[in-house]
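Please keep the sequence and the structure in view while reading.

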Amino acid sequence: MIKYFIYCRKSSEEEERQMLSIEAQVTELREYAKNNGLFVAKEFHESKTAKEPGRGVFNEMLAEIEKGNASGILAWNPDRLARNSVDGGKVIYLVDTGKIESLKFPTFWFEGTPQGKFMLSENGEKLSKPEHEFLAYWLNLLEYHAPKLARVENKIEGKLEVNLVNEFEEVKKQ
């Protein structure tokens, strides 16, 4: 069973700038863990911007993961973990080395594939919410339809033509 750390962060030390309070994140994440049968070993809370590296609580959590005390992180959104390339790179490195086996977000799908790691790094650093939602939509659409397209291709034993504009509705034998 994977042990998870809950990580909650508000963007700034200034209370009025935070969209979702730490308390609200904790409540939502505990409920998410309960509903999904996730074992939470410890919670980490921090009031600090993630635009610059060097967050003490975040680094403490990663050190605990490197020691093997947990291998999963549950956070509200990937941008709670990192908004800079150093911290984002640390998380991706721990995924690559197997120290982090699972990242869970109620607002974001993540899998340790190259596409998942790309979305994780881009979400934290560069993409706006609408850009992220657009890319996530298309990646999820492709993930969902790829097996169906492969089955159709096998059935018709020919080349597959896909019209992305119509969201994979037109499949023709050539």
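Which residue in S4 does Ile73 stand opposite? In this predicted model, the residue facing Ile73 is Leu103 of S4. The two strands concerned, S3 and S4, run parallel and are joined by three bridges.

This pairing belongs to an open sheet of four strands, whose order is S2-S1-S3-S4 and whose pairing is parallel. Strand S2 (39-47) and strand S4 (102-104) are the edge strands, each pairing on one side only. From one strand to the next, the twist averages 20 degrees. In general terms, strands of a sheet pair through backbone hydrogen bonds, in either a parallel or an antiparallel manner.

Strand S1 may be followed through its two pairings. With S2, strand S1 runs parallel, and eight bridges join the two. Within this pairing, Lys10 stands opposite Ser47 in S2. With strand S3 (residues 72-75), strand S1 (residues 3-10) pairs in the parallel sense over four bridges. Here Tyr4 has Gly72 of S3 opposite.

The loop between H2 and S3 contains Ser71. Because its relative accessibility is 11%, under the 20% limit, Ser71 counts as buried. Apart from neighbours within four places in sequence, Ser71 is in contact with Ile2, Lys3, Lys99, Ile100, Glu101 and Ser102.

The aromatic side chains come next. A pair of aromatic rings is described by the distance of the centres and the angle of the planes. How many aromatic pairs does the structure hold? There are two aromatic pairs. One of them is formed by Phe5 and Phe44, in an edge-to-face arrangement with 5.0 Å centre to centre and 70 degrees between the planes. Phe5 lies in strand S1 and Phe44 in strand S2, so this pair ties together parts that are 39 residues apart in sequence. Phe5 has a relative accessibility of 2% and therefore counts as buried. Phe44, also at 2%, counts as buried.

Tyr7 and Phe58 form an aromatic pair as well: the ring centres are 5.7 Å apart and the planes stand at 70 degrees, so the pair is edge-to-face. The reasoning rests on the angle, as planes over 60 degrees apart count as edge-to-face. Tyr7 belongs to strand S1 and Phe58 to helix H2, and the pair thus links distant parts of the chain, 51 residues apart. Tyr7 counts as buried because its relative accessibility is 0%, and Phe58 is buried at 0% as well.

Lys117 is found in helix H5 (residues 114-125). Is Lys117 buried or exposed? Its relative accessible area is 19%, so Lys117 counts as buried, given that the limit for burial is under 20%. Not counting residues up to four places away in sequence, Lys117 touches Ile92, Val95, Asp96, Phe110, Glu111 and Gly112. Lys117 and Gly89 are 28 residues apart in sequence, and their C-alpha atoms are 9.7 Å apart in space.

The protein chain has a mean pLDDT of 75, and 62% of its residues reach 70 or more. Over residues 123-127, pLDDT stays under 50, and the model has 15 contacts beyond four places in sequence for this stretch. Over residues 150-174, pLDDT again stays under 50, and the model has 30 such contacts beyond four places in sequence.

Definitions and conventions
Residues are numbered from 1 along each chain as its sequence is written. This is a predicted model: local features need pLDDT of at least 70, side-chain atom pairs count only at pLDDT 80 or more; totals for chains, interfaces and linings use all residues. Side-chain values use heavy atoms; hydrogens and water are left out. Two strands pair if DSSP finds at least two bridges between them. Axes are lines fitted to C-alpha atoms, for helices over the stretch in contact, and angles run from 0 to 180 degrees between N-to-C directions. pLDDT is the predictor's confidence in each residue, from 0 to 100. Contact means heavy atoms within 4.5 Å. Rings of Phe, Tyr and Trp (its six-membered ring) pair if their centres lie within 6.5 Å; planes under 30 degrees apart count as stacked, over 60 as edge-to-face and the rest as tilted. Buried means under 20% relative accessible area, exposed over 50%, partly exposed in between (1.4 Å probe, protein chains only).
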